Amino acid sequence: MKQRVQKLIALAGLASRREAEKWIEQGRVTVNGRIVQLGEQADPDRDHVAVDGRPLRLEETPVYVLLNKPAGYVTTLRDPRGRPVVTELLRDVPARLFPVGRLDLTTEGLLLLTNDGKLAWRLTHPRHEVTKTYLVRVRGRLTREAQRTLETGVMLEDGITAPARVAGVRGSDSHTWLELTIHEGRNRQVRRMCEAVGYPVSRLKRIRLAFLELGTLAPGQYRHLTREEVARLKRL
Ligand code: URA
């Protein structure tokens, strides 16, 4: 997909967009060997973009994106059943990104995507115990006893869960909202934990991953992580 050349330079981490615009004006940037003018576009998959004769290597540039995944999207790269996949929401990012961990089809919220396999592996490895906080809506009024079981450990078919943190409990007779923080990453873990204590989940949204917050990103929107955030993730 075509992008403005200054954007490609910025995504390759060489300069800010503004700085890249100056380079274009100075005639330092070529696409397929031809000096480009400001406003021209190039396709990172097909065109050869170079600054001062040195090629941009977009594939090698690590990219880190925080997406607010809408419900109804799958977090695999391709879906044999033809359902929408999250990477469709990142069409204007000129890098092949993959999701860090999974969210169920109907789960919303914070999803990190990157082409940095090493960091993705570290963040999803159980040993690293990266915390994940979910805003959960369950049917019915959560009892103290059920809350305590979530907090101490729930027996699931694949073993007892590690203690979870429950906060922000509020609701009515018909439903309860709570914030559940876990650091394991088992399949459908939050849904299975709540169901096991008698509370089927009716809505699930991830709002925090380690120190990263979903914030005010609208569903389907994304932002690039800042350099500081990436550095901090690597230190976890
Ligand atoms: N736990 C779940 O049950 N589903 C998710 O999508 C994420 C965590």
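**Note on the predicted model: fold, ligand site and selected residues**

1. Gly171 is placed in strand 13, which covers residues 165-171. The model under discussion is a predicted one. Gly171 is partly exposed, its relative accessible area being 48%. When residues up to four places away in sequence are set aside, Gly171 touches Arg141 and Thr176. Arg139 stands 32 residues from Gly171 along the chain, and the two C-alpha atoms are 9.7 Å apart.

2. The overall architecture may be set out next. The protein chain contains six helices and 17 strands. Its C-alpha trace spans about 70 × 35 × 30 Å along the principal axes. Of the 236 residues in the protein chain, 46% are buried. The accessible surface of the chain is about 13100 Å², and carbon and sulfur atoms account for 47% of that area.

3. The domain assignment divides the protein chain into domain 1 (3-55), domain 2 (64-126 + 215-235) and domain 3 (131-209). The centres of domain 2 and domain 3, taken over C-alpha atoms, are separated by 23 Å. Between these two domains, eleven residues of domain 2 are in contact with eleven residues of domain 3.

4. In the side chain of Thr107, an N or O atom is 2.8 Å from an oxygen atom of the ligand. The backbone also takes part: an N or O atom of the Gln189 backbone lies 3.3 Å from a ligand oxygen atom, and a polar backbone atom of Val190 is 3.1 Å from a ligand nitrogen atom. The ligand taken alone exposes 240 Å², and the protein buries 95% of that area.

5. Two residues deserve attention for their backbone geometry. Most residues other than glycine have a negative phi. Arg188, however, has a positive phi near 50 degrees and is not a glycine. With a relative accessible area of 41%, Arg188 is partly exposed. Ala210 likewise has a positive phi, of about 50 degrees, without being a glycine. The loop that holds Ala210 runs between strand 15 (201-209) and strand 16 (212-213).

6. Is Ala210 buried or exposed? Ala210 has a relative accessibility of 18%, and because the limit for a buried residue is under 20%, Ala210 counts as buried.

7. Gln3 belongs to strand 1, residues 3-4. Gln3 is buried, with a relative accessible area of 5%. Its side chain forms a polar contact of 3.4 Å with the side chain of Lys7. Beyond its neighbours within four places in sequence, Gln3 is in contact with Leu8, Glu40, Gln41, Ala42, Pro44, Arg91, Asp92 and Pro94.

8. Asn115 sits in the loop between strand 9 (108-114) and helix 3 (117-124). Which backbone atom lies 3.0 Å from a polar atom of the Asn115 side chain? That atom is the backbone oxygen of Thr61. Asn115 and Glu157 are 42 residues apart in sequence, and their C-alpha atoms are 33 Å apart in space.

Methods: Residues are numbered from 1 along each chain as its sequence is written. This is a predicted model: local features need pLDDT of at least 70, side-chain atom pairs count only at pLDDT 80 or more; totals for chains, interfaces and linings use all residues. Side-chain values use heavy atoms; hydrogens and water are left out. Helices (H or I, at least four residues) and strands (E, at least two) are DSSP runs, numbered from the N terminus. Buried means under 20% relative accessible area, exposed over 50%, partly exposed in between (1.4 Å probe, protein chains only). A polar contact is a pair of N or O atoms within 3.5 Å; within protein, one must be able to donate a hydrogen and the other to accept it, and residues adjacent in sequence count only if both atoms are side-chain atoms. Contact means heavy atoms within 4.5 Å. Accessible areas come from the Shrake-Rupley method with a 1.4 Å probe; for residues, only the protein chains shown count as cover. Domain bounds come from an automatic or database domain assignment.
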